[in-house]
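Reader: I want to learn how to read a structure feature by feature. Please give me the general idea each time, then the case at hand.

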Amino acid sequence: MVIIDLEMADRETATGVVGLVQAYVNTVDIQDGPEQLSDPNTLNAWLVAHELMESGQTVTEADLKHAIAVREAVRGVIGANSGGRAYPLDIATLNEAATASRLRARFGADGKARLEPEAGGVAGAMGRMVAALFAAMGGEDWSLLKLCGSPTCRWAFYDRSRNHSSRWCTMATCGNRKKAKRFRERAKAGG
Ligand SMILES: [Zn+2]
């Protein structure tokens, strides 16, 4: 039983660029909260902590709106890995973020190619996020990043199951949520 529990706990989190994309999408728990990007300051802190932006930049409410729109567009394209379809609005949002950040192909001193934004601030940070998504989509493990099949959850999880057929973020979590919701409803009805 312990082995199964460990497998379940481990299933959710990816590493590298896929992990970064996943972490960004999961800055909100749509179903139960909290929203980590609740104001410009928390967005600023998150982007700096994940090395997408230098510290000391100005972050406005409009930046916050843009960042959340990009996050939800990323969630949308992940949905295509779990049987959903990519929506034109999500595609347009990602293309706009790439354009606004002025992403350019750059070759580092190490000889490796990467996409880097010319824009600074949140626009640049969103460009780095799009670049991470670009790199993630080119990797073999991209298709294992999926959205939870619960329409009210839509948590991004990394499917480590043996046959890659998981549909829920974790059976335990989503199952428990359903149970908790039923309990709350019953308590409300009773009281
Ligand atoms: Zn879920």
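Predicted model: local features only at pLDDT ≥ 70, side-chain atom pairs only at ≥ 80, totals over all residues.

Reader: How far apart are the end C-alpha atoms of helix H4, and what span should its 19 residues give?

Author: Helix H4 covers residues 61–79.

Reader: Which residues of H4 are buried?

Author: The cut-off for buried is under 20% relative accessible area. In H4 the buried set is Asp63, Leu64, Ala67, Val70, Arg71, Ala73, Val74, Arg75, Gly76, Val77, Ile78 and Gly79.

Reader: What do the buried residues of H4 pack against?

Author: Four of the partners are helices: H2 (16–25), H3 (40–49), H5 (88–101) and H6 (121–137). Strands S3 (145–147) and S4 (156–158) are partners too.

Reader: Now the overall layout. How many helices and strands does the protein chain have?

Author: The protein chain has 7 helices and 4 strands. Read from the N terminus, the order is α-α-α-α-α-β-β-α-β-β-α. Of the 191 residues, 38% are buried. Contacts tell you about sequence range. Take those between residues at least 6 apart in sequence: 55% of them join residues at least 24 apart.

Reader: Next, aromatic rings. What describes a pair?

Author: A pair of aromatic rings is described by the distance of the centres and the angle of the planes.

Reader: How many aromatic pairs does a search of the whole structure find?

Author: The search finds 1 aromatic pair. Tyr24 and Trp46 form it, with 5.2 Å centre to centre and 50° between the planes, a tilted arrangement. The pair links distant parts of the chain: Tyr24 sits in helix H2 and Trp46 in helix H3, 22 residues apart.

Reader: Are Tyr24 and Trp46 buried or exposed?

Author: Tyr24 has 0% relative accessibility, so Tyr24 counts as buried. Trp46 has 8%, so Trp46 counts as buried as well.

Reader: Now empty space. How is it found?

Author: Rolling a probe the size of a water molecule over the atoms shows where empty space is left.

Reader: What volume does the largest pocket have?

Author: The largest pocket has a volume of about 280 Å³. It is lined by 16 residues, and the closest to its centre are Gly79, Ser82, Gly84, Leu147 and Cys148. H4 and S3 are the elements that give two or more residues to the lining.

Reader: Loops next. Where is Thr13 found, and what is Thr13 in contact with beyond its sequence neighbours?

Author: Thr13 is in the loop between helix H1 (2–10) and H2. Its relative accessibility is 48%, so Thr13 counts as partly exposed. Set aside neighbours within four places in sequence, and Thr13 is in contact with Gln22, Tyr158 and Arg160. C-alpha distance gives another view. Thr13 and Ala156 are 143 residues apart along the chain, yet their C-alpha atoms are separated by 8.8 Å.

Reader: Which residues is Asp141 in contact with, on those terms?

Author: Val18 and Tyr158, leaving aside neighbours within four places in sequence. Asp141 lies in the loop between H6 and S3. With a relative accessible area of 27%, Asp141 is partly exposed. From Asp141 to Arg160, 19 residues along the chain, the C-alpha atoms are 9.9 Å apart.

Reader: Last, the backbone. Which peptide bond is cis?

Author: The bond from Gly33 to Pro34 is cis, with omega near 0°. Pro34 belongs to the loop between H2 and H3.

Reader: What is the phi of Glu51, and what is the phi of His164?

Author: Glu51 is not a glycine, yet it has a positive phi of about 60°. Glu51 lies in the loop between H3 and H4. With a relative accessible area of 69%, Glu51 is exposed. His164, also a residue other than glycine, has a positive phi near 55°. His164 lies in the loop between S4 and helix H7 (171–190). At 40% relative accessible area, His164 is partly exposed.

Conventions
Residues numbered from 1 in each chain as written. Heavy atoms only, no water. Expected span 1.5 Å × (residues − 1). Buried < 20%, exposed > 50% of the residue type's maximum accessible area, 1.4 Å probe, protein only. Contact = heavy atoms within 4.5 Å. Phe/Tyr/Trp six-rings, centres within 6.5 Å; stacked < 30°, edge-to-face > 60°. 1 Å grid on protein atoms, 1.4 Å probe; cavity = no way out; pocket = protein on both sides within 12 Å on 5 of 7 lines; lining within 4 Å. Points joined across faces, edges and corners; volume = space filled by probe spheres on them.
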